Amino acid sequence: MPDLDALDHHPDVARIRSRRLTGKVATLVVDATGLDDGEKEKLELSLKEAALAVPGIEEARIALTATKRGRTVVAVGSGKGGVGKSTLAANLAVALARLGQKVGLIDADIYGPSQPRLFGATQRAEAKDKQLIPVEAYGVKLLSVGQLVAEGTALAWRGPMASGALNQLIDADWGDAELIVVDLPPGTGDVQLSLIQKARPAAAVIVSTPQDLSLIDAARAIDLFEKTHVPIAGVIENMAGYDCPHCGQPSDPFGHGGAEAEAKRLGVAFLGRLPLSASLREASDAGNPPAAGEGPAAAAFADLARKLLVQLETIRG
Ligand SMILES: Nc1ncnc2c1ncn2[C@@H]1O[C@H](COP(=O)(O)OP(=O)(O)OP(=O)(O)O)[C@@H](O)[C@H]1O
């Protein structure tokens with residue numbers, strides 16, 4: 001049986017809305033919104049070639065559509081703080097934008113809004129006619145609760161205040177953004193619950209490190225999303241081992257593969273893992289998202305973003 005998964009690596013995978021296989025015939029429905037005639041022809045040809053390159057496929061039918069989809073909100077959560085949720089949300093947003101998606105990012109982490117720092121965009125958010133205007137950085141439209149208050153101010157917001165702030169961010173002028181990533185505060189309490197209910201995400205991504213404690217909390221986070229009827233797009237394992245900078249030997253201080261096994265046990269997809277990396281932390285601290293550059297970290301984020309898009313395709317139907 002031919003396998004159309006090879007198309008996950010096509011640079012325009014984000015545009016594939018559905019794929020069907022009938023015997024040796026592959027049919028792809030592809031969103032060509034915003035492309036001119038020449039670009040449409042190129043897209044069609046390149047997808048046809050990619051489908052015909054799959055062993056066993058003898059005919060490829062490409063149907064181009066130009067239907068605009070509504071905005072999709074994807075929440076990024078973690079059961080526990082400090083697992084790299086914000087770093088992953090930032091870099092996933094950048095990687096999605098590099099794949100051609102129009103991406104917005106809401107930093108709803110009221111306990112530690114770090115997106116302005118991760119993007120090197122710490123200016124206060126401006127408003128026009130009482131509507132906030134996102135800041136643009138690395139191809140992503142960004143708004144953070146951190147931009148609503150002075151930098152360094154501790155945010156000890158209670159549920160209603162937090163959801164009021166989130167409302168302002170959701171109702172901002174997002175323009176043509178079609179995918180909005182929301183970086184939630186870590187944990188599974190009432191504040192998170194009310195933020196999820198407000199943001200009404202179409203799907204959620206859970207970030208965990210491989211240790212048992214983080215995994216137990218990740219399972220709680222999955223449970224919280226499931227209770228609120230938000231499908232889980234997948235789990236990402238962060239800080240999964242590192243290569244010793246001195247001897248080059250791989251080392252797994254937090255264990256290895258725990259998040260993948262936990263995802264399997266809970267019946268949710270595993271999107272991939274990122275190693276512990278000093279250069280990733282340094283670039284992040286300096287406000288240069290590694291996903292915007294070249295090299296292994298950028299490739300890893302591009303791969304995670306592609307897998308996320310494939311999951312979203314399935315969830316949105
Ligand atoms: N793969 C990684 N390798 C090295 N450092 C990392 C990695 N991922 C994240 N970090 C670093 O770990 C720290 C915590 O990351 P981050 O702020 O993204 O976590 P978080 O889960 O969002 O935390 P919070 O509890 O503040 O919401 C940051 O200094 C970040 O640069």
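Predicted model: local features only at pLDDT ≥ 70, side-chain atom pairs only at ≥ 80, totals over all residues.

Visitor: Where is Arg-124 found?
Guide: Arg-124 sits in the loop between α3 (115-118) and β6 (126-128).

Visitor: Let us step back. How many helices and strands does the chain have?
Guide: The chain has nine helices and 15 strands. Its radius of gyration is 20 Å, close to the 20 Å that the globule rule gives for 317 residues, so the chain is as compact as a globular protein of that length. The C-alpha trace spans about 60 × 55 × 40 Å along its principal axes.

Visitor: What share of the residues count as buried?
Guide: Of the 317 residues, 44% count as buried. As for contacts between residues at least 6 apart in sequence, 75% join residues at least 24 apart.

Visitor: Now the ligand. Which residues come nearest?
Guide: There are 21 residues around the ligand, and Gly-81, Gly-84, Lys-85, Ser-86 and Thr-87 come nearest. The elements that give two or more residues to this shell are α2 (85-98) and α8 (278-285).

Visitor: Which element gives the most to that shell?
Guide: That is α8, with four residues.

Visitor: How do the residues of the shell divide into nonpolar, polar and charged?
Guide: Six are nonpolar, eleven are polar and four are charged.

Visitor: Back to α2, then. How many of its residues are buried?
Guide: In α2, 13 of the 14 residues are buried, so this helix is largely enclosed by the rest of the structure. The end C-alpha atoms of α2 are 20 Å apart, which agrees with the 20 Å that its 14 residues should span at 1.5 Å a residue. Just after α2 comes Gly-100, with a positive phi of about 105 degrees.

Visitor: Which residues other than glycine have a positive phi?
Guide: Asp-129 is one of them, with a phi of about 50 degrees, and Met-239 is another, with a phi of about 60 degrees. Most residues other than glycine have a negative phi.

Visitor: Where are those two, and is each buried or exposed?
Guide: Asp-129 has its place in the loop between β6 and β7 (131-133). With 5 other C-beta atoms within 10 Å, Asp-129 is exposed. Met-239 belongs to the loop between β12 and β13 (242-243), and Met-239 is buried, with 24 other C-beta atoms within 10 Å.

Visitor: On to the largest nonpolar core. Which residues touch the most other members?
Guide: Of the 83 residues in that core, these are Leu-92, Ala-93 and Val-181. The helix α9 gives the most to this core, with ten residues.

Visitor: What is Val-181 in contact with?
Guide: Leaving aside neighbours within four places in sequence, Val-181 is in contact with Val-74, Val-76, Ala-89, Leu-92, Ala-93, Val-103 and Leu-105. There is also a second, separate core of ten residues, with Ala-26, Ala-32, Leu-43 and Ala-51 among them.

Visitor: You mentioned α9. What do its buried residues pack against?
Guide: They pack against β4 (72-77), α2, β11 (203-208), β12 (232-237), β15 (270-273) and α8. The buried residues of α9 include Phe-301, Leu-304, Arg-306 and Gln-311. Helix α9 covers residues 296-316 and reaches 30 Å from its first C-alpha to its last, close to the 30 Å expected at 1.5 Å a residue.

Visitor: One last topic: where does Arg-17 lie, and what does it touch?
Guide: Arg-17 lies in strand β1 (residues 16-22). Not counting residues up to four places away in sequence, Arg-17 touches Val-29, Val-30, Asp-31, Thr-65 and Glu-313. Arg-17 counts as partly exposed, with 16 C-beta neighbours inside 10 Å. Arg-17 and Leu-28 are eleven residues apart in sequence, and their C-alpha atoms are 7.5 Å apart in space.

Note on methods:
Residues numbered from 1 in each chain as written. Rg over C-alpha atoms; globule rule 2.2 N^0.38 Å. Buried ≥ 20, exposed ≤ 12 C-beta atoms within 10 Å, placed from the backbone. Contact = placed C-beta atoms within 7 Å. Near = placed C-beta within 6 Å. Nonpolar A, V, L, I, M, F, W, Y, C, P; charged D, E, K, R; others polar. Expected span 1.5 Å × (residues − 1). Core = buried A, V, L, I, M, F, W, Y, C linked by C-beta atoms within 7 Å.
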